[in-house]
Amino acid sequence: MGMHSDDGQAEGSCGEGSKGGESASSPHHGPPPRGPLTVLAQSPSLTPLLAVGALRSPFKRPAATADFPRTRLVLPGLRVDLARLAAYERVCGFPTGEDALPVTYPHVLGFPLAMSLMSGRDFPLPLLGLVHTSIEITRYRELAATGEYELTVYVDGLAPHRRGTEAAVVTELRVGEKVVWESVSTYLARHRTKGTDREQDRERHEPLPGVDEWRLAGDIGRRYAAASGDRNPIHLYPLTARLFGFPRAIAHGMWTAARCLAAHGTPQAVLVRAEFRAPVLLPGTVTYAANGERFELCDGERVHVSGGVHPLA
């Protein structure tokens with residue numbers, strides 16, 4: 001609860017013209033951490049995890065030097081609910097009826113496992129107010145919607161951030177022993193720092209050319225919640241969003257990324273990066289901008305999401 005995607009004011013703007021680009025190289029997060037392996041019989045329910053995480057939040061003391069859970073959660077024999085997948089495809093703008101998972105969909109499958117780790121007593125960052133700041137996805141091949149997979153999620157570590165402490169959470173999807181999809185998500189807990197932490201200067205680019213204008217309905221958050229299971233109250237209604245300091249409901253960060261990638265298109269083997277910079281208020285109007293490998297979602301000069309789509313050799 002209170003977890004959202006917003007790393008403060010955007011840098012850069014959206015308009016005409018474009019230069020530059022992003023590197024297609026991907027820093028590998030290394031081998032899975034040594035730690036206990038917990039095999040799950042089914043995916044945990046998100047709503048109780050969000051509630052427990054919220055209750056434990058006031059007792060957390062975030063710090064980059066804090067210990068964190070080393071447990072790897074594994075869910076074998078995973079099959080996709082095709083009706084739920086179709087609802088996800090519709091709300092995000094992906095084609096429906098194809099035997100292929102959208103590039104962002106495994107994040108939805110792994111999110112309950114990630115919440116199980118981040119709502120636990122041994123996770124040092126408070127779930128309330130936790131900010132999803134970025135995601136990097138590597139898909140090594142097309143994934144069949146009717147396939148069977150093994151899902152693994154673990155916390156890769158903590159790092160200082162100019163605004164607090166950031167956790168990296170890794171999600172892996174396997175067929176047999178082979179990783180076919182993996183992601184690294186960063187989540188920020190804001191707190192006072194001594195000013196000696198890692199500074200992540202955002203690359204400044206020329207603004208991207210606008211491609212399309214999207215009018216976002218007020219129920220996008222509720223529709224995405226129904227398809228993804230993420231019923232965080234900040235995304236559902238103006239009243240519940242105001243409890244957490246937002247004037248209206250805000251779109252899920254992963255919905256904004258998925259909507260941009262549905263518009264951009266992705267090759268079968270691909271590296272995708274998305275950085276969540278500012279919340280998207282619902283209802284609202286935003287501009288989808290793109291040039292080459294880069295894309296942005298913006299409102300005037302404010303950039304909500306920026307990222308890139310890089311084919312793998």
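Modeller: Gladly, and please keep in mind throughout that this is a predicted model.

Biologist: How many residues does the protein chain have, and what percentage of them is buried?

Modeller: The protein chain contains 6 helices and 12 strands. Among its contacts between residues at least 6 apart in sequence, 80% join residues at least 24 apart. The protein chain has 313 residues, and the buried share of them is 53%.

Biologist: Are helices H2 and H4 roughly parallel or roughly antiparallel?

Modeller: Helix H2 spans residues 82-92 and helix H4 spans residues 220-228, and the two pack with their axes 8 Å apart at an angle of about 155°. Because angles over 145 degrees count as roughly antiparallel, the relation of H2 to H4 is roughly antiparallel.

Biologist: How many charged residues are there in the contact of H2 with H4?

Modeller: H2 passes H4 in a left-handed crossing. From H2 the contact draws on Arg84, Ala87, Tyr88, Arg90, Val91 and Cys92, which meet Ile220, Arg223, Tyr224, Ala227 and Ser228 of H4. Sorted by class, these residues comprise 7 nonpolar and 1 polar, and the number of charged residues is 3.

Biologist: Are H1 and H3 roughly parallel or roughly antiparallel?

Modeller: The axes of H1 and H3 come within 9 Å of each other and cross at roughly 25°. Since angles under 35 degrees count as roughly parallel, H1 and H3 are to be described as roughly parallel.

Biologist: How many nonpolar residues does the contact of H1 with H3 have?

Modeller: The crossing of H1 and H3 is left-handed. Leu46, Leu49 and Leu50 of H1 make the contact together with Phe111, Pro112, Met115 and Ser116 of H3. This contact has no charged residues and 1 polar residue, and its count of nonpolar residues is 6.

Biologist: Which residue has its C-alpha atom 5.9 Å from that of Pro44?

Modeller: Pro44 lies in the loop between strand E2 (37-39) and helix H1 (46-56), and its relative accessibility of 21% makes it partly exposed. Leaving out residues up to four places away in sequence, Pro44 touches Leu49, Pro112, Leu113 and Ser116. The residue whose C-alpha atom is 5.9 Å away, although 68 residues apart along the chain, is Pro112.

Biologist: Is Thr104 buried or exposed?

Modeller: Thr104 sits in the loop between H2 and helix H3 (105-118). Not counting residues up to four places away in sequence, Thr104 touches Tyr88, Phe94, Ile137, Met254, Ala258 and Leu261. Its relative accessibility is 1%, so Thr104 counts as buried.

Biologist: What is the relative accessibility of Leu125?

Modeller: Leu125 is placed in the loop between H3 and strand E4 (131-139). Beyond its neighbours within four places in sequence, Leu125 has contacts that include Lys60, Pro62, Leu158, Tyr187 and Ala189. Leu125 counts as buried, for its relative accessibility is 0%.

Biologist: In the loop between E9 and E10, what is the relative accessible area of Leu281?

Modeller: Leu281 is found in the loop between E9 and E10, and it touches Pro247, Arg248, Ala249 and Ile250, residues up to four places away in sequence being left out. Leu281 is partly exposed, with a relative accessible area of 27%.

Biologist: Is the peptide bond from Leu282 to Pro283 cis or trans?

Modeller: Pro283 belongs to the loop between strand E9 (270-276) and strand E10 (284-291). Most peptide bonds are trans. For the bond from Leu282 to Pro283, however, omega is near -10°, and the peptide bond is cis.

Methods: Residues are numbered from 1 along each chain as its sequence is written. This is a predicted model: local features need pLDDT of at least 70, side-chain atom pairs count only at pLDDT 80 or more; totals for chains, interfaces and linings use all residues. Side-chain values use heavy atoms; hydrogens and water are left out. Axes are lines fitted to C-alpha atoms, for helices over the stretch in contact, and angles run from 0 to 180 degrees between N-to-C directions. Helices (H or I, at least four residues) and strands (E, at least two) are DSSP runs, numbered from the N terminus. Angles under 35 degrees count as roughly parallel, over 145 as roughly antiparallel, 65 to 115 as roughly perpendicular and the rest as oblique. A crossing is left-handed if the near helix is turned anticlockwise from the far one by less than a right angle, and right-handed if clockwise. Contact means heavy atoms within 4.5 Å. Ala, Val, Leu, Ile, Met, Phe, Trp, Tyr, Cys and Pro count as nonpolar, Asp, Glu, Lys and Arg as charged, and the others, Gly among them, as polar. Buried means under 20% relative accessible area, exposed over 50%, partly exposed in between (1.4 Å probe, protein chains only).
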